[in-house]
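User: I am new to this structure and would like to learn how to read its features one by one. Please give the general idea each time, then the case here.

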Amino acid sequence: MSNALFPTSIAGSLPKPAWLSETNVLWPQWRAEGDELASAKRDATLLWIKEQEDAGVDILTDGEQSRQHFVHGFLAFVEGIDFDHKVKMGIRNNRYDAMVPVVTGPLKLKGRVHQTEARLMRAHTDRKVKITMPGPMTIIDTLSDNYYGDKQKLAMAFAALLNQEARALQADGVDIIQFDEPAFNVYMDDVKRWGIDALHRCIEGLVCKTAVHICYGYGIKANLDWKATLGGEWRQYEEIFPALAASKIDQISLECMNAKVPMHLMALLKGKTVMVGVIDVASDVVETAEQVAATIGKALEFVPRDKLIPCTNCGMAPMDRDIARAKLCALGAGARLARALYAA
Ligand code: ZN
């Protein structure tokens, strides 16, 4: 049974088992191909459904077991992108270099993107299920463009494709569709200029819940170095939360545990359901249930109890599998303790 008070969820990704792909890296190589790979992805997804349920996660994801990377996993299904001649580009405002594909023509979906994993989840759990997809601003910051020639136009073209897939996912029985926008913490002016409009294009016509995840990135070295330059208080959220509060998105996922984000900034999200990061993904130290419950307790000063979803700070894709599993259990146990401590 799912919990009504403090239902737990995760940002999205989980580590891939060693038999599916390389481990502990952001862009892992698959271990198999063709039918064998498809069946390995399916097995890994089922395994994480069970692990999440057992750990006490209420809103499940597929752990992003079927995609190589959270952005390029979507792009692989888009026509008009050249993956054979990748170029090196500084991404997230030159925080780190990545080899990125190039937009060379009009964008179009080749077919369904996440149908297999969405239907698999729906068939194997009674709990709520969530599918995550990269947001338009983050997508266009993770590829090179030789065709549209305008950032906003390119973002809107992707938003239309995301909307097409989102509508189909809703029809598959997905309860929540989440867009990951780490770029929102980097290009705060663009968020207000066109980032929210692009998200609205993504959710057009949806009646299921919608979410956006905004974080300071995976626990990789480039991100840790970047965070070290952000000063004693990280106030990026302060610039974008009022715009998000005024948006049509239902849920906002943010970093909290061990982040230097002032917690009172959550109050800027008035009216929204807040996915509070109570699990740090940039540290291998597993939180205790007491720590998780304490973070929930502090967040309750700024978020109403019926609008708080305990969550992870970000995806856990590059983590060690055992640590990720232990962190899922800490999330579940901490929320259970919080329900006992803060019951009305
Ligand atoms: Zn994230």
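User: What should I know before starting?

Analyst: This is a predicted model, in which local features need pLDDT of at least 70 and side-chain atom pairs count only at pLDDT 80 or more, while totals for chains, interfaces and linings use all residues. Residues are numbered from 1 along each chain as its sequence is written.

User: In what order do the strands of the open sheet lie?

Analyst: Helices (H or I, at least four residues) and strands (E, at least two) are DSSP runs numbered from the N terminus. Two strands pair if DSSP finds at least two bridges between them. Here 7 strands make an open sheet with parallel pairing, in the order 1-4-6-7-8-9-10. Strand 1 and strand 10 are the edge strands, each pairing on one side only.

User: Is strand 9 mostly covered or uncovered?

Analyst: A residue is buried if 20 or more other C-beta atoms, placed from the backbone, lie within 10 Å of its own, exposed if 12 or fewer, and partly exposed in between. Strand 9 (residues 273-279) is mostly covered, with 7 of its 7 residues buried.

User: Which residues have the most contacts inside the largest nonpolar core?

Analyst: A nonpolar core is a set of buried Ala, Val, Leu, Ile, Met, Phe, Trp, Tyr and Cys residues joined through C-beta atoms within 7 Å. The largest one has 101 residues, and those with the most contacts inside it are F158, I252, V274, V276, V278 and I296. Helix 5 (residues 151-171) gives the most to this core, with 9 residues. Two residues are in contact if their C-beta atoms lie within 7 Å. Leaving aside neighbours within four places in sequence, the contacts of I296 include V276, V278, L308 and P310.

User: How far does helix 5 reach?

Analyst: The expected span of a helix is 1.5 Å times one less than its number of residues. Helix 5 has 21 residues and reaches 30 Å from its first C-alpha to its last, close to the 30 Å expected. Its buried residues include F158, E165 and Q170.

User: Why do the buried residues of helix 3 line one face?

Analyst: The arc is that of the directions from the helix axis to the C-beta atoms. In helix 3 (residues 115-124) the buried residues are E117, A118, L120 and M121. They fall within an arc of 165° seen down the axis, so they line one face of the helix. Their cover includes helix 1, strand 1, strand 4 and helix 5.

User: Where is E64 found?

Analyst: Most residues other than glycine have a negative phi. E64, not a glycine, has a positive phi of about 55° and is found in the loop between strand 1 and helix 2. E64 counts as buried because it has 26 C-beta neighbours inside 10 Å. N94 has a positive phi of about 65° and counts as exposed, with 9 such neighbours inside 10 Å.
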